[in-house]
Amino acid sequence: MRCPKCDHEQGKSQECEACGLIFAKYEKVQERKKAEVARLRAKKESQKSGPLIKVLLIVLLMASVSGVMYFITVEKKREGVVADRLAAEPIAAPEPMEVQPKSDAKKVEVTIPRQLASSYQNAIAKASSATVSIETPWGIGSGFFVNQNFIVTNRHVVEFDEEELSAFRNKIETAREMIQLERQKIAELKRQLKKIPKGPSRSQLVIFLRSREEELQRVLPQYEAGERKLKKLEQSLQPSDIKIVAADGSIHAANFLLISERSDLALLSLYSGEWTFLKRPPGGEKLRQGDKVYTIGSPVGLRQTVTAGIFSGYRKQLKDDQLYIQTDAAINPGNSGGPLIDEHGYVIGVNTMVLRNTEGIGFAIPIERVFKEFSNTLF
């Protein structure tokens, strides 16, 4: 064998006869050196790949955060609450139902069959069976039976505000004029196009003309829908134009319409069928601050929706010097005209308005005012 240190050749032995190297110890030293070299090489490789891995992790983290923020944004848009449009003014009704097929609306409706009304043990459910949805050419509101044949609701549910009508008319007339001018401009561009020879200038004009025509086609459906809505609003509303949807889902036309001149109240009549109606608290009991109250109505078209809150106090509105019931129970567009009831199912008010830019401060007209306004009809 040959000594790895001095190259001395000798017979097989544990020690070199020339330099005294012990072969076993030499092999262990060499193994340790190889292991150290391998460790250093691995460390060097990891240092090279470390920054790349960090970059990949940062990219993945940013992508994950972006994805989460996107879905949060989408959900917030989907779950966004309809903005209150009034500050001590009537709640605006949502857009007409024609923008949503009736077949889709039925999928989210929760109705209460008339034949089961007598079996309800829950006072709130019984009160719900006396609540109706009211549909007009311009939107949706709520109402409730105060006796066998008469339904109370808000005036602004069945009577479109003249100021809002005037503003809407101006908006549609402006849009009509702008569309006419745009059509004239497009026709003029087409005449110019015929005179321009082939080349870059003609190609640019073709692209510009196509863009103008596409934009016009995009806004036309919205404008046409606005024209149809304006036509309906300008027509004199008849009782038969008001659609009453009962709690059991049946649809009826109003027989009679009476509008209060002093309050945001209106009275409808319905003589077909036998209906559950809401009663006032016995003995004229008054609410105490903190008492539990509930609203029932059709916010954004969702019929028979119940929300809960408390009685916050009585308030007077300066412009009409009339008393209102303040509550934090949610009142949204479409709840207008629906009942405010106590935990025993007795009606205490008519939901009528919300305070803009607040966390759900709503107001109802005391039920006593309903019977005072329409005393000649209800008694």
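In which helix is the place of Glu224? Select Glu224, and helix α6 is where it lies; helices (H or I, at least four residues) and strands (E, at least two) are DSSP runs, numbered from the N terminus.

The model is predicted, so local features need pLDDT of at least 70 and side-chain atom pairs count only at pLDDT 80 or more, while totals for chains, interfaces and linings use all residues. Residues are numbered from 1 along each chain as its sequence is written, and side-chain values use heavy atoms, with hydrogens and water left out.

**Whole chain**

Of its 379 residues, 37% count as buried; buried means under 20% relative accessible area, exposed over 50%, and partly exposed in between (1.4 Å probe, protein chains only). Among contacts in the protein with a separation of 6 or more, 59% come from residues 24 or more positions apart, a contact being heavy atoms within 4.5 Å.

**Helices α5 and α6**

Select residues 162-195 for α5 and 200-234 for α6; their axes come within 9 Å and cross at roughly 155°. Axes are lines fitted to C-alpha atoms, for helices over the stretch in contact, with angles running from 0 to 180 degrees between N-to-C directions. The two helices α5 and α6 are therefore roughly antiparallel (angles under 35 degrees count as roughly parallel, over 145 as roughly antiparallel, 65 to 115 as roughly perpendicular and the rest as oblique). The crossing of α5 past α6 is left-handed, that is, the near helix is turned anticlockwise from the far one by less than a right angle, clockwise being right-handed. The contact of α5 with α6 comprises 17 nonpolar, two polar and 13 charged residues; Ala, Val, Leu, Ile, Met, Phe, Trp, Tyr, Cys and Pro count as nonpolar, Asp, Glu, Lys and Arg as charged, and the others, Gly among them, as polar.

Return to Glu224, which is partly exposed at a relative accessible area of 39%.

**The cores**

Next, select Phe144, Val152, Ile341, Val370 and Leu378, which have the most contacts inside the largest nonpolar core, a set of 24 residues. A nonpolar core is a set of buried Ala, Val, Leu, Ile, Met, Phe, Trp, Tyr and Cys residues joined through side-chain atoms within 4.5 Å. Elements that each supply at least two residues of this core include α3 (123-128), β9 (292-297) and β13 (347-355). Centre on Ile341: beyond its neighbours within four places in sequence, its contacts include Ile124, Leu278, Val293 and Val347. A second, separate core of 16 residues includes Ile179, Leu220, Leu230 and Leu233.

**The loop between β9 and β10**

Move to Ser298, in the loop between β9 and β10. With 1% relative accessibility, Ser298 counts as buried. Its C-alpha atom is separated by 7.6 Å from that of Ile140, 158 residues away along the chain. Leaving aside neighbours within four places in sequence, the contacts of Ser298 include Ile140, Gln304 and Pro333.

Gln304 is in the loop between β9 and β10 (305-317). It is not a glycine, yet Gln304 has a positive phi of about 60°. Most residues other than glycine have a negative phi. Gln304 counts as buried, at 11% relative accessibility.

**Last stop: Glu159**

Finish at Glu159, in the loop between α4 (155-158) and α5. Glu159 counts as partly exposed at 40% relative accessibility. Leaving aside neighbours within four places in sequence, Glu159 is in contact with Trp138 and Ile259.
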